[in-house]
Amino acid sequence: MRILPALVLAILAQLSSRAGPAQAAQCEARSGPHTTALVELYTSEGCDSCPPADRWLQGLAGRGLAPDRVVPLSLHVNYWDYIGWKDPYAQQRFADRQRKLAQVMRARIVYTPQVLLQGQDFRSWGGRAFEEAVARINARPPRAAISLALAGRQADTLAVEVRAELLVPGEEAEAALYLASYENRLVSRVAAGENRGRTLSHDYVVFEWLGPFAFAGGRAEERRTLPLLPKAVLANSGAAAFVQNRRTGEVLQALMLPACPG
C-alpha cells in the first residue's frame with residue numbers, strides 16, 4: 001500500500017499541531033515524505049578491525065548521505081573489554097540489542113565491526129553497494145512519521161520530545177518507537193589491548209538508549225530528559241528516533257536532530 005506524499009505531509013502537520021510545548025522549542029525536526037535509512041555500527045575500541053568502520057561512519061555525510069537520507073548510530077559493545085582495554089563508551093545493552101537482532105535474522109554469531117542497514121546485516125558497507133541500497137530505501141514511501149524537539153540543555157541533561165504515528169494500517173502490534181542521544185567528536189587515547197598506542201575518534205556515539213515504546217491508537221509519544229556525557233559539548237550532541245518492527249527488525253522510519261546553537 002503506497003501512501004501519497006500529500007497524506008504524509010498532512011499527518012506530519014497534525015503531529016506538529018499537537019506538539020504543545022514542542023512548538024516553543026528552539027530545535028525541531030520532522031521526517032519527510034520518503035524513508036530515511038537507519039545505520040547501526042556495532043563497534044569497540046578493543047577491536048583492531050573497527051577503526052576503519054568508525055571512520056567510514058564519520059564520513060557518510062561527506063559522501064552525500066546527509067541525515068535526511070541516513071541516520072547513523074555508533075553502538076559500542078563491551079564483549080571485547082576483557083582483552084585489555086575497557087571501551088569507555090561500551091554498554092551491555094548494545095551487545096544485547098546486537099544479539100537480539102541476530103536472533104531475528106537467524107544469525108549464529110555477532111561480530112565487530114558490524115553494520116546493520118534498516119535492521120539487516122549489511123556486509124558490503126565499504127563499497128558502492130551501500131549507497132545503492134540507501135537510494136532504494138530512500139525511494140520508498142514512509143510507513144511512519146516522526147517529530148523530534150529538543151527543549152534545550154539544563155545542567156547535564158537534554159530535554160527531548162518525540163512523537164510518532166504509523167502510516168500503514170495493521171502494524172501497531174509489532175511496531176515500537178526508540179529514542180537515543182549521541183555525541184560527535186569524541187577522542188580516546190587507547191593505552192592497552194589491540195589498539196594500544198592509537199588515538200581513536202568517533203562520531204554518532206550513542207550513550208543513552210530508550211525503548212521499545214509501544215504504540216496505542218497508531219501513535220506513540222514520549223517526553224524524556226536524557227543525561228549527557230560528562231563534559232559534553234552541546235554543539236556536538238543530538239537525538240535520534242526510529243520506529244522498528246520488533247518481529248522482523250525492519251525499520252519503518254528514522255529521524256535525527258542535532259542540538260541547535262543558542
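Residues are numbered from 1 along each chain as its sequence is written, and side-chain values use heavy atoms, with hydrogens and water left out. As the model is predicted, local features need pLDDT of at least 70 and side-chain atom pairs count only at pLDDT 80 or more, while totals for chains, interfaces and linings use all residues.

The protein chain comprises four helices and 14 strands; here helices (H or I, at least four residues) and strands (E, at least two) are DSSP runs, numbered from the N terminus. Of its 262 residues, 54% count as buried, where buried means under 20% relative accessible area, exposed over 50% and partly exposed in between (1.4 Å probe, protein chains only). With contact defined as heavy atoms within 4.5 Å, residues 24 or more positions apart account for 72% of the contacts with a separation of 6 or more.

Aromatic side chains come next. The structure holds nine aromatic pairs; rings of Phe, Tyr and Trp (its six-membered ring) pair if their centres lie within 6.5 Å, and planes under 30 degrees apart count as stacked, over 60 as edge-to-face and the rest as tilted. In one of these pairs, the ring centres of Trp 56 and Trp 125 are 5.1 Å apart and the planes stand at 55 degrees, so the pair is tilted. Because Trp 56 belongs to helix 2 (residues 51–58) and Trp 125 to the loop between strand 5 (120–121) and helix 4 (128–138), this pair ties together parts that are 69 residues apart in sequence. Trp 56 is buried at 9% relative accessibility, and Trp 125 is buried as well, at 17%. A further tilted pair is formed by Trp 209 and Phe 242, with 5.7 Å from centre to centre and 55 degrees between the planes. It links distant parts of the chain, since Trp 209 sits in strand 11 and Phe 242 in strand 13 (residues 237–245), 33 residues apart. Both Trp 209 and Phe 242 are buried. Returning to Trp 56, ring pairs join this residue with Phe 122, Trp 125 and Phe 130 in a cluster.

On a 1 Å grid over the protein atoms alone, a cavity is a set of points where a 1.4 Å probe fits but cannot get out, and a pocket is an open set with protein on both sides within 12 Å along at least five of seven lines; lining residues have an atom within 4 Å of a point. Grid points are joined across faces, edges and corners, and a volume is the space filled by probe spheres set on the points.

The largest pocket has a volume of about 230 Å³. Its lining consists of 13 residues, with Arg 97, Lys 100, Tyr 178, Trp 209 and Pro 212 lying nearest the centre. Helix 3 (92–104) and strand 11 (205–214) each supply at least two lining residues, and helix 3 gives the most, with six. By class, the lining has five nonpolar, three polar and five charged residues, counting Ala, Val, Leu, Ile, Met, Phe, Trp, Tyr, Cys and Pro as nonpolar, Asp, Glu, Lys and Arg as charged, and the others, Gly among them, as polar. Arg 97 lies over the face of Tyr 178, at 5.3 Å from the ring centre; a charge sits over a ring if NZ of Lys or CZ of Arg is within 6 Å of the ring centre and within 35 degrees of the ring normal.

There are two cavities of 30 Å³ or more.

The peptide bond from Gly 211 to Pro 212 is cis, with omega near 10 degrees, and Pro 212 is placed in strand 11. The bond from Thr 112 to Pro 113 is also cis, with omega near -10 degrees.
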